[in-house]
Amino acid sequence: MFSHLLTTIILSIGFRAVTVVAQSATAYCDSTSGICYAGYTDPTLNITVGLVLPPLSTGTTPNATEFVAELIAPASYGWTGLSVGGTMADSLLFTMWPYNGEVIFGPRWTSGYVQPLPYSGPIITMLPDTMVNSTHIKASFRCQNCTTWNGGALGSGDLSGFQLIAYVASDDTPVDDPSNVASNFTEHDQMNFFGLDLSISHSTNYSTYIGTTGTSPSEPTQTEVCGLYLACWSNILTNYGQCGGTGWTGPTVCVTGTDCTEVSPPYYSQCL
């Protein structure tokens, strides 16, 4: 059904509508992690996107609300983005860029064609093959609470259905503050997308991929799990949140548009 090129589609993503031809996903296995995905490698942009989901549930048991994915791009890009909903607005988005040999990565969301902000719904665990070197950057991650989001759902709610997957990149313009996972950034100048048949994206090896035993992955808890390369979204402070001061051991990263400001130095600092 999805073995041929999809028709030319007009897709609104970023800040403009563009006409592109979407390829369709194929099965492949990552040579480093051994995880087998359904995905696509763009031969022009040199971007690879892959997804794998747990087996579909049977009977009355609800389907798991998670997937494992990888996003690989040239390290020279200013930033790279992924939309698992196929558009910018009302979709689950991810941004990625390198900083001091680390991968800065996290989920975002926006209701319109404006700067997407950090999104606190997903629970992200970075997998061991996440890396950056002189040529490429790779985010390999488990995403729990990620098959539905504000305004949408993977496969429009059918996890054996069809989904457009979009990816974007800024060729060489870096984000405003590469050390800050919540940084602002300029509009992308490259984009494309592909069609994903979700029915071929489920794997009976899923529990092995995420390092668990048993027949199905566990549901996410309220405790957010973060990998070495990820600044937890639960640790992004909102406006007026305490971010420093004498004896302070809590979060220190402020949401985009605010800075950690000394209010009563050295005793108290907050996001303003």
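Biologist: At 73% relative accessibility, does S156 count as buried or exposed?
Modeller: This is a predicted model, in which local features need a pLDDT of at least 70, side-chain atom pairs count only at pLDDT 80 or more, and totals for chains, interfaces and linings use all residues. Residues are numbered from 1 along each chain as its sequence is written, and side-chain values use heavy atoms, with hydrogens and water left out. Buried means under 20% relative accessible area, exposed over 50% and partly exposed in between, with a 1.4 Å probe and protein chains only. At 73%, S156 therefore counts as exposed.

Biologist: What is the positive phi of S156?
Modeller: S156 lies in the loop between β16 (152–153) and β17; strands (E, at least two residues) are DSSP runs numbered from the N terminus. Most residues other than glycine have a negative phi. S156 is not a glycine, yet its phi is positive, at about 55°.

Biologist: Which class of accessibility does D90 fall into, at 33%?
Modeller: D90 also has a positive phi of about 55° without being a glycine. This residue sits in the loop between β8 and β9 (93–99). Because its relative accessibility is 33%, D90 is classed as partly exposed.

Biologist: How many of the nine residues of β17 are buried?
Modeller: Strand β17 spans residues 162–170 and is largely enclosed by the rest of the structure. The reason is the count of buried residues in this strand, which is eight.

Biologist: Over how many bridges do β17 and β18 run antiparallel?
Modeller: Two strands pair if DSSP finds at least two bridges between them. Strand β8 (residues 79–83) pairs with β17 in the antiparallel sense over five bridges, with L82 opposite Y167. Towards β18 (residues 190–197), A169 stands opposite Q190. The number of bridges that join β17 to β18 is eight.

Biologist: Which residue in β23 is the bridge partner of C260?
Modeller: Strand β23 (residues 268–271) pairs with β20 (residues 242–244) in the antiparallel sense over two bridges, and Q242 faces Q270 there. Strand β22 (residues 260–264) also pairs antiparallel with β23, over four bridges, and these two strands form a hairpin with three residues between them. In β23, the partner of C260 is C271.

Biologist: How many residues in the lining of the second largest cavity are charged?
Modeller: Lining residues, which have an atom within 4 Å of a point, include L53, P54, E66 and H202. Ala, Val, Leu, Ile, Met, Phe, Trp, Tyr, Cys and Pro count as nonpolar, Asp, Glu, Lys and Arg as charged, and the others, Gly among them, as polar. Six residues of the lining are nonpolar and two polar, while the number of charged residues is one.

Biologist: In which strand is confidence lowest?
Modeller: The predictor's confidence in each residue, pLDDT, runs from 0 to 100, and the chain averages 82. Over residues 1–21 pLDDT stays under 50, and the model has 62 contacts beyond four places in sequence for them, a contact being heavy atoms within 4.5 Å. Confidence is highest in β6 (residues 47–52), at a mean of 98. The lowest mean, 40 over residues 8–13, belongs to strand β1.

Technical notes:
1 Å grid on protein atoms, 1.4 Å probe; cavity = no way out; pocket = protein on both sides within 12 Å on 5 of 7 lines; lining within 4 Å.
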